[in-house]
Amino acid sequence: MSEAQMKVSDEIAISIENMNKWYGTFHVLRDINLDVQRGERIVICGPSGSGKSTLIRCINALEEHQQGSITVDGTLLSSDVKNIDKVRSEVGMCFQHFNLFPHLTILENCTLAPIWVRKIPKKEAEETAMHFLEKVKIPEQADKYPGQLSGGQQQRVAIARSLCMKPRIMLFDEPTSALDPEMIKEVLDTMIELAEDGMTMLCVTHEMGFARQVANRVIFMDAGQIVEQNEPEEFFNNPQSDRTKLFLSQILGH
Amino acid sequence: MSDTPNIGFVRHEPIPPSAPPIQQAGVVKWIRENLFSNWINSILTILSIYFVAKIILASTPWMWNGVWTTSSLRECREVLQGTSGACWSVLVERWNQMLFGFKYPVEAYWRPTLTFGLLLVCIAPILFQKLPRNMLMFSAIYPFLAFWLIWGGTLLTPVVVALSLIAGYLAFVKMERLTGFATGLLTGVVAVALVLYLGSFVTAALPEFIALEPVASRDMGGFMLNLILGTVCVSLSIPLGVVLALGRQSNMPIIKGICVVFIEFIRGVPLITLLFVANVVLSYFFPPGTNLDLILRVIIMITLFSAAYIAEVIRGGLAALPRGQYEAADSLGLDYPQAMRLIILPQALKISIPGIVNVAVGLFKDTTLVSVISMFDLVGMIRGPISSSTAWTGIYWELYLLAILLFFVVCYGISQYSQWLERQLRTDHH
Ligand SMILES: Nc1ncnc2c1ncn2[C@@H]1O[C@H](COP(=O)(O)OP(=O)(O)OP(=O)(O)O)[C@@H](O)[C@H]1O
Ligand SMILES: [Mg+2]
C-alpha cells in the first residue's frame, strides 16, 4: 500500500470547519473539523446513529448544515444552488441500497447524468459508460435492467454510474452492508482498485479488513462527534479513547 | 446423552423427480365445489339462477318481437297490438342524431366518423409498445387533423397552431440546454405566441385554402360530443394533473399553497356546479367581447375538475417512490426539472396508471352531465329532441339501452386496456 499512499498530495480536497447540524432540536453533528487531502482514503466508522451518514451526506449537500463551513474542491457549500450543483457534479456517491434507476437499463443509468448534466454527446457518453462497466467487470449486463442483477452487481453498477461523471471525490455510505457475504468481496475489490487509481475516497463502512488495506486514516465517530482518528494500524492496534476500545472490541470480538 | 435419538443423517440415493399427482377434474366436481359447497352457497346459487332466468325470460321476447320499420311510437303500438315488444324503429330513424347531434350537417357525417376511426390509429402506438415507433408521428399530427375534420374551416388554422408548437418546442430545447428550464420555458412560450400572431394574418388572408365546410361548436352533439369531451379533457388533464401534483410537493410555499387550495376546492364541489359556472359565469372572467364558445368553457371546467383528481392519484405515485431515487438523482447533479422528468415522473406515472384510468373512465361517463346545461350530448339528445318529438314521446328503454351499450363498450375497452398495461409493466423488467 505504501506506493499508493505516496499519491496523497498536499492539495486540500475537502475542508470542513466547525460544522454543526441539528435535526429539529437534536444535535446530530457537533463541531466537526476535518481536512481531506487529495488522493486520501478515509474510512469512517462508529456505532449506529452516531451521524456517519449525515456527515458524508452533508459533503454533497444532500443534507444541509446549519453552522460552520464545508468547502469541496474550493467551492464553498452554501444555499447557493449553483455551488451545490457544481459540488454534486464533482462528487460521486454510492448508497447502501444502490438506488439505481429501475426503469432504465444499466447503460442508460450510466449515461443519463453525463448526457444531461455534463452535456456530453450520447455516443461518447456510451463509450465512457462501457469503459467503466468493464472496469467494474460487468460490461455484458449493459442492456439489462437493475432488477435483473444481483445486489453485488447492482452496487458495482452504482459505482460505475458515479464514475461516469468523472468525479474527483467519491463518497460511500455503507456500500456493502446490504449485501450477502459472497458479494461483499466483489464490491470491495472494485473499491480497492479505485483507491489504487488515486481516487479521493470517504467511506462509511465496518469492513475493517478494507480499512486496514486501503485507508490512510480511520475516523471514529460517536454521538455526532469525531472521537478519534489515526492511521489504520495505530487505530486498530492502539486505540486511545475508551469509547473506541469498546467499539472495536464489539465489532472485532466475534 | 444416550436417550436422545440419533439425528445424524446422510442421503446416499438422490430422489428422482416425479410427475405431479393427477388433479381430479370434471364438471360435476367443479359444480359441487364452487356452487354447492355448503347450504348457504347452494341457496345463493339457486336464487341467482332464478333471477337471471327471470330477467332473460322477460327481456328476450321483448327484444325479439321488436319492431324495426315504423315511423312513430303509435305505429309501433298498433303493430304490436298489446303484445310485449321493443320499438327499435326509433333507433333506425334517429341513430344519426344520437351519434352526431341534430344539427351537424348530414353530408359531413363522414368527417367525425373518419376522425373517430383515425383516433384508434392514433392511440394504437401509444397503447401498444410493439407497433412501429414512427407511427407516433401520426399520433402527434392527429389532434390538429381531428380539429380540422370536425370543426372544418381552412387547414391553415391547425397547421399554424402546430407550427407554433413546434417552434416553441425547438426554442425550449435549445434554451433549456444552454440556460436551464425556466428560461427555456419562457422562450418557448414567446416563440409559440409569436408564430401564432404571425400565422393569424395568414389564416385571415386565406380563409378558403383547403377548407372544409365549417361547423359551429354549438352544432356538435350526440355521442360524438361525449367522445370529444372525453378524449380532449383526459389528454389535457393528465399533464395538468402532473403539474399540480408536483406543485403540491413544492418547497415554495406560494406555489404549494395555490396547488393545495385549488385541488381541495375542486374536489370539494360537484362537477355539475362547475358546469353551471362554465355555462353562465365564466364569460365574466374574460375580457368583454371575447366570445369563448360553450364547448371550450366546458372543456376547461371538466379538465380542471379531473386534473385535481389525477393530481391526487399522481401524488400517491410520487409518495410511493423510495427517497433514494430523489437522492440518487440529486447526487448525480441533475437539477429539479431533469430529476422529475427523467427519474421521478416515469416511475411515479407507471405506479399511477390504474388510478389515472379510473379517473379517465369516470370522467368519460361524467361528460353526460353536460346535458343539464342544455348541451345535446347522447343523453341530452335522448332527453331533449328525441323524447320530446311528437313521434317518439314516451319511449325510453330502447334509447337508453343504446346509450348504455355505447358507453359500456368504450369504458370496458379502457378498463381492459389498463389491465393489459399493468400486466405488461409488471413483467417488463423482472
Ligand atoms: N431526517 C432525519 N430527521 C431526524 N433525525 C434524523 C434524520 N436522519 C437521521 N436522524 C437521526 O440522526 C442520527 C444520526 O443518523 P445517521 O443516519 O447519520 O447515523 P449513522 O451513523 O449513519 O447510523 P447507521 O450506522 O445506523 O447508518 C440518528 O440518531 C438518527 O436517528
Ligand atoms: Mg448510516
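How far is an oxygen atom of ligand 1 from an N or O atom in the side chain of A:Thr54? The separation is 2.4 Å, in a predicted model where local features need pLDDT of at least 70, side-chain atom pairs count only at pLDDT 80 or more, and totals for chains, interfaces and linings use all residues. Residues are numbered from 1 along each chain as its sequence is written, chains are lettered from A and ligands numbered from 1 in the order in which they are written, and side-chain values use heavy atoms, with hydrogens and water left out.

**Ligand 1**

- The residues around ligand 1 (a heavy atom within 4 Å of it) include A:Tyr23, A:Phe26, A:Lys52, A:Thr54 and A:Glu174.
- Among the polar contacts (pairs of N or O atoms within 3.5 Å), an oxygen atom of ligand 1 is 2.9 Å from a polar backbone atom of A:Gly51, and a nitrogen atom of the ligand is 3.4 Å from an N or O atom in the side chain of A:Tyr23.
- Of the 630 Å² of accessible area (Shrake-Rupley method, 1.4 Å probe) that ligand 1 has on its own, the protein covers 59%.
- Helix 2 of chain A gives the largest share of this shell, 3 residues, where helices are DSSP runs of H or I with at least four residues.

**Disulfide in chain B**

- Over all chains there is 1 disulfide (cysteine sulfur atoms within 2.5 Å), and it joins B:Cys76 to B:Cys87 with an S to S distance of 1.9 Å.
- The link of B:Cys76 and B:Cys87 is right-handed, with 75° about the S-S bond.
- Because B:Cys76 lies in helix 3 (residues 73-80) of chain B and B:Cys87 in the loop between helix 3 and helix 4 (89-100), the pair ties together parts that are 11 residues apart in sequence.

Technical notes: A polar contact is a pair of N or O atoms within 3.5 Å; within protein, one must be able to donate a hydrogen and the other to accept it, and residues adjacent in sequence count only if both atoms are side-chain atoms. Helices (H or I, at least four residues) and strands (E, at least two) are DSSP runs, numbered from the N terminus.
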